[in-house]
Amino acid sequence: MKKILIAEDEVNIRNLLSYLLTNEGYNVIIASDGEEALKKTFFEKPDLLLLDIMMPKRNGYEVACILRDQPEFKNLPIIMLTARGGELDQRMGYATGANEYIAKPFEPSELIATIKKYLP
C-alpha cells in the first residue's frame, strides 16, 4: 500500500484529505506543521507528499527545499496544495521542488488524478 504524507495545519482540510485518500486505498500519514512534516518524511519514507505552504514552524517552501537537498528524497513526488494560488507563489513552489501545484479550493477528482500520475 502506497504511503502519502499530508502536511496541513488546518484540521478540516486534513480530515477531508485523509478521508479521500484512505478511500482511494492509500496509507495516510498526518503532519500538522513543517517540522513534523520533515520528521515524518525522514522516518516514514512516504511515496508522495501533499504539502501546504502556510504552516507553523516551517513553511512548505522550506520543507520542500530541505527535502530536495537530501539525496534520498530527490525524487519524492511533492504536490503543493495551498490557498496561495498566485503566479508568483506557483513559481516559488516549482522553484523550491514541487512537482505539482494545486490551489485551494480544489476539486477532489483533480487531486486524485494528479496523485495517480505519480502513484499509479
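Reader: Does Glu24 count as buried, partly exposed or exposed?

Author: This is a predicted model, in which local features need pLDDT of at least 70 and side-chain atom pairs count only at pLDDT 80 or more, while totals for chains, interfaces and linings use all residues. Residues are numbered from 1 along each chain as its sequence is written, and side-chain values use heavy atoms, leaving out hydrogens and water. Buried means under 20% relative accessible area, exposed over 50%, and partly exposed in between (1.4 Å probe, protein chains only). Because its relative accessibility is 36%, Glu24 counts as partly exposed.

Reader: With which residue does the side chain of Glu24 meet in a salt bridge?

Author: A salt bridge here is a side-chain nitrogen of Lys or Arg within 4 Å of a carboxyl oxygen of Asp or Glu. The N to O distance in this pair is 3.0 Å, and the partner of Glu24 is Lys116. Glu24 lies in the loop between H1 and S2 and its partner in helix H5, so parts that are 92 residues apart in sequence are tied together by Lys116.

Reader: Which residues of H1 are buried?

Author: Helices (H or I, at least four residues) and strands (E, at least two) are DSSP runs, numbered from the N terminus. The face of H1 turned away from its buried side carries the exposed residues Asn12, Tyr19 and Asn23. The buried residues of H1 are Ile13, Arg14, Leu17, Ser18, Leu20 and Leu21.
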